[in-house]
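This report describes selected features of the structure shown below, beginning with the contacts of a single side chain.

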Amino acid sequence: MAVITLPYKYLERLTRTDRRTILDKVALIGSDIERMEEDHAAVEFFPDRPDLFSPEGVARAMRGYLGIETGLPVYPVKPSGISFSIDPALEKIRPILGAAVIRGVTFDNESIQSVMALQESLHWAVGRGRSKVAIGIHDLDTVKPPFRYIASARTRKFVPLDYSEEMTMDEILVMHPKGRDYAKIVRDFPLFPLIVDAEDHVLSFPPIINGERTRVTMETRDILLDTTGTDARAVAVAVNIICTAMAEAGAKVESVTINGSETPTLAPAERTVSVKECNRLLGINLTTEEMAALLGKMRFGARPDGADRVRVQVPCYRADIMHDWDIFEDVAIAYGYDRIMAQPPATYTVGRPNLVQVFANFAREIFCGLGYLEVMPFTLTSEEIQYRKMARPEPAGTLHILHPITIDNTVVRTDLIPLLLEFLTMNKHRELPQRLFSVGDVVENCRTYQKTAAVSMHPGADFSEAYAVADALLREFTIDYSVRESSDQAFIEGRRADILVNSKKVGVFGEIHPVVIRGFDLEHPVAALELDLRAVPGYPFP
Amino acid sequence: MAELTQNEKRLLAVLAREKTADALHLAAHLDATPEAVVQWAYLAMDNDGAKVERIVETGFIFTDEGEKYRNEGLPETRLLAAIGTGAILSDLQNHDAFKIGFGQLRKKGLIVVTDNKVVPKEGVSTREDETALKNPSKGDSRIKELIKRGLLKETETVHYRISITPAGESLVKEGLDLREEIGTLTRDQIISGEWKSLNLRRYDVTKLPKKAYPGSIHPYQRIIAEMREILLEMGFTELYGGIVQQSFWNFDALFQPQDHPAREMQDTFYLKETLPLPPDYERVKAMHLSGGTTSSTGWGGIWREEKAEQCVLRTHTTSISIQHLAQNPNPPVKAFCIGRVYRRETIDTTHLAEFEQLEGIVMDENVNFGHLLGILHEFYHRMGFEGVRFKPSYYPYTEPSLDAEVFVEGIGWIEMGGAGIFREEVTAPLGINYPVLAWGLGVSRIAMLRLGLKDLRQLHHSDIAFLRETPALRRTGGV
């Protein structure tokens, strides 16, 4: 999530109203106020609205929402006469380039920070950690157009930002902190992307680092923006968001020529949408004029077009408008969620429980009747608990997590008894007897099904108790079963039995082996049983 | 006055005759130990029926040595007699009382020794010491010396003098039931009718015996069950599905772009297993690339089959809902699923790697955003939350999207869950031609509020005391 710093004074000046009015309503356009400080608020915006990742963008949206300035914001763009060429060898490496000239910026420390923050938020939300889009900002006066975006030898040297000596691009990937962070994006290419000026000075090694030469300072007045990436749409959106934010702050945007075409235009996209479809989706009843007015509040250009249609100009910075419904959501936000009549649909249906849950509840009823306490252990566990401490071999179908975070969460459980024993360990200091049961999902060979299990720990716990409880469970479930001596190492020999249905093993019960008891750091006898619920007649998936 | 026990009654009956008596004496009458009698007497005193006085008497007992001297006289007395008017020291040394007697005589200064001759001082005697030993009394200053010499010891004897009070006397006058008390009725006593004449022991009904704990359903499961019942009552079909899901159903079918951060390894538990894609997966692929046949632009970029085939531990139960919709594309569909979902999170008091999610969907010809708000109102009201409000939000597969907040007394507005209408990019490739209202919420959040838990782990690694002490019945209010 992107948390944006909004300095009150700056925000008030841009929005042209007081901070109370703004902060009272800012959640209603889709945000959460994280905290309010002495001089600024920290507000979280959703990742689909990178245009709100700057105070300028928030002010633009709030002026519309508050009715201070509605409709499409227009950003005039003059050609700068500056051009870029793109090396065809970049096609497989990082083919897309966007650029712009932004003149007349007035930087102070705070506004440099603000642009940096916007740049970083865009790297995260649009750029997917710079792999899809990376942005560079340069002091235009330090370099000489035209510029070339080339695939360069990795041995090319230049002074990277924050350094005073030249390094090769290979060295940068190893030695520069940004190089280390983003090396994986370019590491495997034989040539590296590089932007150079007419005199072969390095502007940028995208997506890694700028050159020190073009560093932006408080004296910088004119900016050159470069944006490279792998996705043309994402690159264009990033350029548009930065250019329009800086235009909102008072700068003038100029286009550049890239491979012969002028960019950016900062022109809106056009869509024509149906009012009827919007009303039907939202459950409201707007006229074309009303809908156009609401869209104006959300900074769309909108005018009625016939009886049912509204012609919509989508601002160039709106990355999220992919579909007509995206526009309808803005209609709903402008209309106010609280004004939409909340009424359950008349759809007639009958409630139908799922048999898996019905049987699980039945197991709960039986065990509760027998005086057992339900516990709900995690489904993620470890080989240590599931198999090693149980003196059991790991079954072939055990599901392993590819990248576990901790050694306690490496597999998905196949059995419940080990987790119940672990539970007894956690409750060693509590009064005996302790009788616990659990019912829930296990996974084997990627298939999820349910098991139920119970343990009873007290000085008199024995095979007979396990058998009696298992028999009660099986009888109540009307399972026609037989038993045979088991070879399960978790139990004491001669005090363990497999539960068979149609000569297939569906469960086990008995007296837990003292080695297992000690392995779980327990001290008393434990009677235990476990049943695969697929043995229940009528179970939904046998 | 509390009910008198049988023993108190017996004691009072004896005291009614004796008025005042020593516990020892009463013990003989009551065929009990003096200690028991004292205990009953104190109980009776608590009930105002008797008075107990604790009397401490000091006495002396003689050591073996002291007893010997009482009989034969102190060694110094005997030695003094042997000295007579004077004696030779070396002669005296053979006397059996010499060793102690000579020391004592010298210490008390009763003799004079010159050269080898011992002469008693004039007019001396050991009579007072002898008297003190024969008849020790507490005030005698010589006793201290005798105690020091180890001839006798001081003892304390405690006596209990028990007397009846006027209230006790009137109780006895009113008549006491002195029949033997019975604790547990036997089968024979019930059948024979003997119970009619038995004196059943009365209990102090305010005194709690050892606690009994019923077998019980987990408090968290009760909350899940409550939600499930509400949704069944509201006409929803319950769904159940696998924990292991193909990325295709967990992400791609829900229009999550393949490069979406939520799909990255650090947020999702990936598995090495893969599953083949469903036959018409290409419609989903086309939607991602270009928006298919809808007004959408799609995500563009690239879409790789291998990425969609990879299995994950489901990150939401929406993977179950969407498959249910794909299999049941004809309206109406009202379904819900409560199941465990997985996020690759470091576990702490407010984060778990697995937690229960509830999700509901409604698909029908004319359902709209207002209906979604209506369902949420209804559901949260039934869960006991009076105040419900909505604000804009963002979920990748719904549009419009919202977050529901409920009002909790003492806390304020709390975000409870997200909702929205499935994007057409989600529904169209699966042949679903009507709006799908969808909402989800984290069940554990309500559980934390209801159960007053500070640590989410307590739901799964529970203290048995918490499970035993959490009452089954909770008021149906929000918290």
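## Nonpolar cores

In this predicted model, Tyr380(B) touches Phe385(B), Val388(B), Ala404(B), Val406(B), Met416(B), Gly417(B) and Leu441(B), when residues up to four places away in sequence are not counted. Tyr380(B) belongs to the largest nonpolar core, a set of 159 residues. Tyr380(B) is listed there among the residues with the most contacts inside the core, together with Met291(A), Leu421(A), Met227(B), Leu402(B) and Trp439(B). The element that gives the most to this core is helix H7 of chain A (residues 232-248), with eleven residues.

In soluble globular proteins, nonpolar side chains tend to be buried together.

## Helix H14 of chain B

Helix H14(B) spans residues 281-290, and its buried residues are Tyr281(B), Val284(B), Met287(B) and His288(B). Viewed down the helix axis, these residues fall within an arc of 115 degrees, so they line one face of H14(B). An α-helix has 3.6 residues a turn, so residues three or four places apart point the same way.

After H14(B) comes Gly291(B), which has a positive phi near 85 degrees.

## Asp177 of chain B

Asp177(B) lies in the loop that joins helix H10 (166-174) to strand S7 (181-182) of chain B. With a relative accessible area of 29%, Asp177(B) is partly exposed. Excluding residues up to four places away in sequence, Asp177(B) touches Gln6(B), Lys9(B) and Asn199(B). Its C-alpha atom is separated by 82 Å from that of Met265(B), 88 residues apart along the chain.

How values were computed
Residues are numbered from 1 along each chain as its sequence is written. Chains are lettered from A and ligands numbered from 1 in the order in which they are written. This is a predicted model: local features need pLDDT of at least 70, side-chain atom pairs count only at pLDDT 80 or more; totals for chains, interfaces and linings use all residues. Side-chain values use heavy atoms; hydrogens and water are left out. Buried means under 20% relative accessible area, exposed over 50%, partly exposed in between (1.4 Å probe, protein chains only). Helices (H or I, at least four residues) and strands (E, at least two) are DSSP runs, numbered from the N terminus. The arc is that of the directions from the helix axis to the C-beta atoms. Contact means heavy atoms within 4.5 Å. A nonpolar core is a set of buried Ala, Val, Leu, Ile, Met, Phe, Trp, Tyr and Cys residues joined through side-chain atoms within 4.5 Å.
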